[in-house]
Structure formats: C-alpha cells, structure tokens
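Please read the points below with the model open beside you, and follow each element as it is named.

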Amino acid sequence: MSKSDIILEIKNLTKEFNVKTKLFGYGKTPTIKAVSDISFFVKRGETFGLVGESGCGKTTLGRCIVRGIDATSGQVMYYMEDGTKIDFLKAKEEEYKDLRKRIQMIFQDPYSSLDPRMTVYDIISEPLKACYKLSKPEIDDRVKEIGKATGLDISYLKRYPHAFSGGQRQRIGIARALITLPDIIVCDEPVSALDVSIQAQIINILKDLQAEYKMTYIFIAHDLSVVEYISDRVAVMYLGRIVELAPTEKMYSYPKHPYTEALLSAVPNPDPERKMRRIILQGEVPIPSNPPAGCHFHPRCPYRGKECDSVIPELYELEDGHYVACHYANKLRLSGIGQVQ
Amino acid sequence: MRCEDRKNNDILLEVRNLKVHIKLDEGILKAVDGVSFPIKRGKTMGLVGESGCGKSLTSKAIISINPDICQTTGEVLFYDSEKNEIINLLELEKDSAEIRDIRGKKISMIFQEPMTAFSPLHTIGNQIMENILIHKMKNKKEAKEVAINMLKRVGIADAEKRINQYPHEFSGGMRQRAMIAMALSCNPDLLIADEPTTALDVTIQAQVLELMNQLQKEYEMAILFITHNLGVIAEICDEVAVMYLGEIVERASVKELFRNPRHPYTKGLIKSIPKMGRKKERLYSIEGNVPLPLDLPPACHFYERCEYRMDGICNKQKVPEIQLSEDHMVKCFLYNNYDNIKQDNYIKQETEAADV
C-alpha cells in the first residue's frame, strides 16, 4: 500500500490521567493509563470502527485525535493530499487552524452537546465563522446547503435546540461538523442515544454524506452490529490497548483474539432461530488504574497460558492487514459469526 | 371469565384494557391507552418499543408504583396461588396492606439503573434483608443467611464480606446482580424487569441474561421483560408485545414475531437494525419521529409514518385488534378483511424478500 492512501497515522499515542487521592497532594498519585501506546493508521475515504466496552479508552482516544484533550505522548500524523505530513498534536497557529478545519467531531449525547442558548443557525455556522472569513450571504448559503444535506428543515433554523427531537439534534451535530467540509470526522457513539428507528435514519445519512463529500470516518461505538454495518476496518480496544485490528469481514468471521470472540458471541442476536454458541466471560473489566500484569485480558480469558500473566503481547500483523495482540493468536481456532448471504 | 375457569390454567397475570392517562396543561397525555396481555406461569413476556411508548408505565402500573399524577384504569388480574383467588391489583388501595403484601413478595421488580435503584445510605445486605424481614421471617440472623445465600446464588464472590458493603463499592454488573438477588429473595411468582441490561456492557449483559434464564428455571417464575433491544427479546422471551404510542400493535410468540412480523411498525423495527453477518444493504428506516401522545385521534397512531397507510381508513377509524392465529394478534387495518389474501400475500412475500 502506498503512503498516499493513508490520511491519518497514529503513533504510540498515550494518555495518562493523574488522580489525586490524598489531601494536598501528599502521597503517591496514581496515574490511569486510559490510552496506552496505540498505533494505527486510517486510510483515505474509509470508515474506521473503534469498539470496546465502557472504560476501554475509545472516547479518550477519539478526543486525543481531535486534540479535544492533550495526549501525554505520541503523534497524530496528518497526510496532506500532496504527501507532506504534519503532526497535529504539535501543530501551531496557522497549521493548527488549517488542520482544525479538516478534522471534526460528532458527539454522543445530542442533548448536552448543543448550546441551549444558541439558535440552530448559530450552532451550525459557528465553526465557519471561526475558520473562514466569509460574508453573510456566503455563510447563509453554506448553512442552507449543509442543512439540506443532513435532512434538517431549513425553515426551523432560527429555533433553539430544545425544540428538536433527539434524531433532529443529532442531525444538527452532524451539520456542525460538516460545515467546514472536513476530511475526517471522528464520530463518538453518534447513534447510541437514539431509538432504533431514528438510529437507522442517522446511519443512512452518515453513509450518504460520506459518499457525497468523500470523507473519512473514525467511528467509535460499543454496538458491534452498528460498527460492522458501517465500518471498512475495525479495531477492538480493551483497557486502553488495541487487541485486534482487521478488515470488518475478517474480524467478524475469523476473529483472532479471544476477547473479540467473546464480544461477538455476547451480542444478542435478533433472530430466535439462529442461536450462537455463547462464551460467557467470567468477571468484569478491571479498573484501569490497576490493570492486571501481562496481557490485560488474561484473568477473563478462557484460553490463557503460561506467559499470559507476565508478558504483555505486542500488536503484530498475523495475516495481511489483520493485526492481533495475543500470544496464542496463530494457535487458537476461534469462532466468529456465521456468514449468511 | 369467572375465577373458577382460570384457576387451573396457566395464566398468572392478565392485564386488561389498562390505561394510564396523565393530565397536563396542554391536554391529556395518553401514555398507555388500552393495553391487554396475559403473562403465563413460568414464561417470559417481552414488552418492546421505543422511548415514550409507555412500556415502563405499563409495568409500573401493574404493581401500582406510578406517581399520583397518573390516572390508571382497567384491570390487572393476578392469580394468588396461596389464597387460591384472583385479585384485581388496581382495585386495591394504593399502598394498602394487601398490595404491599404482593409487592416484593409475589411480584417484584428490577430496574434499569443499577446505580440509582439502591439507596446509597444502606448496605447492600440491609437492603436485601429488609425485603426478607418484611415478607418472610422475623429473625435477623436467619434473614442475613438467606441474603448471603441469595448473593452467592447470583454469582457474587465473597458474599459474606460483600453483604456489609455499600452500593458504591459494587460495579454496575454486580449491582444488577445484587438487585436480582433482592428481587428473588422472597421467591416471587412474577419478576418485572424494566430494561435490566440496558446500562450494562455486552459481555456483562450476556452474564446477566444467562443468570436470569437459569434462575427462571430454578424458581419457576414468570418474567415481564421490558426492553427496546430486539436482540435481547429474541434471546430471552417466549412471547412479545410490540408497543407504539401507548398501544400494543402486535403480539405473538417470539418465533412467530421474528419470522412473520405483520404490523408495518414491527416490520420496520426489525428491518432497521443492522444484523451481523448479513449483506450490507442500505438500512431500512421508518420515516419521521414518534409524535407526542397528546390528544391523539382514535385512529392508527402510526399513520403518519406508515408506508402502507390508507387515507380515509387508517386515519379516520378506530383500529381493530385482529387475531391472525391463536398466538398472533395485530392491530392494523391491513388485516381487517382477512379474506383479502392478496394484500397479505404481497406483504408476506416482501417480508421474505427482506429476510434473504
């Protein structure tokens, strides 16, 4: 694969949070590694899915990528069309402003992510005013164009967010992210707060917009069926690390990591006649401030072996494009979901 | 139906024409409007629907724990095996000794938010013991033993120590287990589970569902399972009722509902969830939004969003409940003339096409 296919490369990204436990900061302050040493790349025009359970660091990773929070260390390399690359995390002033336009974000909660005191028009046009110097009619045209594209009723743009339903609000959030015509949108659980019938509408809109505006999505979600539906490649996270990364079909049909297998088998299947073999994991996700030694997954892993509790497995390329972090990846025969055509 | 007829059959509880209306300044909000369904002994009945369809209010109306602003009418007939009689739970005075004797003992409930459903001020053990002490025994020591056994039964390790801990020391999944332990401590005939796994992660959800399945067999209790997740319904239920805007639009056994969904809303719901391992076609989506159930006309509430709508019929008349077979009811004009096989075949073919 040539370098020009890549739009974003994340290298050794780590984010630690300091937690103060003692009064006045005495004593040792433990750090929580929410994201530890993650590296992957995103191809131009694809949808890259990030899945994991709560607390696995997927949202933190997404926020680090858009510089919503500052990463402790690592790089987020952005590849321009002409092949030059810029580290977004170290970009200053002009460069930063330029990249800001190119990387946008959609948030999970359509209720708290919109300012209740701004009209929808102001919300959607704000990024435009911040990034470009445009005249009023130009802004007007752009807001209307994007509003239409996201399925908003243009005549309601002067209203405030409270007058809109959850699905409509999420469209406002999408319009706000889309208005600067970004190359990358980080979607942080954009449909998980919505009802099933509305969820399908939003997923369809996201797909349509991607085709129309040629965007790349980083799609963060915990719902595996939604991620399968929308993503080209998927990464599974567990306690701040990527444990498996592969093209969607490969991952879902032939998972290589025991955690992926368990996750897939745990998804309730909306078909009472096709029951899967279910792997019930013992225990719960450990606290990230005190993760288990070795492979973080080993206390819950049904296949754990000798070295699992002492040696941390590295993420490596097992097959073409299929990365996995497990000592036994090439020995295990794991079952995925059955392909039905 | 007279009491005698029902005593020996397998229906544990029957909801008949249940209405929960809420008076607001803007008008009467018909949150639940004429819901009827039976719950069979030892079986799981699922209530599925989107937010605001009245599924939670329905379940809470059964044990009369809705706030006073809700005006509840209808009948909730509960067969009390101990007294061998049928009681209409809605006739009992709110918070009277009779209903309190049933609540927590014969019918208990678990809630969606394991974080807020426990009191943060009392230990888990005391909260479980409270239920046992009220309904089962007076001896504290014995009650504690029962509580410890229950906690062990739901898979909490180190129950002797855990029993003295406060809810904040438990994780989400553990709290939901403790909640189940509390609900089952008096061996109820019916467990009402209001979105018990919605706040949990998939792997924990799988654990809790598995546990509920096991315990149901062991305790031979019926479950009323409320959720918005069709996958969970398919996983755990025997029968399903689909709710839309305060009404049950379709009711069938779980296999029948997924194989032969008849109501346009049910079909839309099933088609609009992405299914793993299927070819990726464009997702079907039901247009529009769920309207507010304020002053709704006595016609089909789904009319505006329905792709099979018939002007002059669906938006003008009261929709009949049509019994397609013994265990399949649908509330839709499309099946009004069941002789109208053409229409039906057309829809059936289409459903099959969508399945492939």
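1. In chain B, helices H7(B) and H8(B) are roughly parallel to each other, a label given to angles under 35 degrees, whereas angles over 145 count as roughly antiparallel, 65 to 115 as roughly perpendicular and the rest as oblique. The axes of H7 (residues 172-184) and H8 (residues 202-219) of chain B come within 10 Å and cross at roughly 15°; axes are lines fitted to C-alpha atoms, for helices over the stretch in contact, and angles run from 0 to 180 degrees between N-to-C directions. Helices, here and below, are DSSP runs of H or I with at least four residues, and strands are runs of E with at least two, numbered from the N terminus.

2. This is a predicted model, in which local features need pLDDT of at least 70 and side-chain atom pairs count only at pLDDT 80 or more, while totals for chains, interfaces and linings use all residues. Residues are numbered from 1 along each chain as its sequence is written, and chains are lettered from A and ligands numbered from 1 in the order in which they are written.

3. Which residues of H7(B) meet H8(B)? Among them are B:Gly173, B:Ile180 and B:Leu184, and the residues they face in H8(B) include B:Ile204, B:Leu211 and B:Tyr219, where contact requires C-beta atoms, placed from the backbone, to lie within 7 Å.

4. Turning to chain A, there are 9 helices and 12 strands. The radius of gyration of chain A, taken over C-alpha atoms, is 21 Å, close to the 20 Å that the globule rule gives for 341 residues, so chain A is as compact as a globular protein of that length; the rule is 2.2 Å times the number of residues to the power 0.38.

5. An open sheet of 4 strands in chain A has the order E2-E1-E4-E5, with antiparallel pairing, where two strands pair if DSSP finds at least two bridges between them. Its edge strands, E2 (31-43) and E5 (85-87), each pair on one side only, and the twist averages 20° from one strand to the next. Strand E4 (residues 73-79) of chain A is joined to E5(A) by 3 bridges, and A:Tyr79 has A:Lys85 in E5(A) as its bridge partner.

6. Between the two chains, the contact takes 38 residues from chain A and 40 residues from chain B. On the side of chain A that touches chain B, H6(A) gives the most, with 7 residues.
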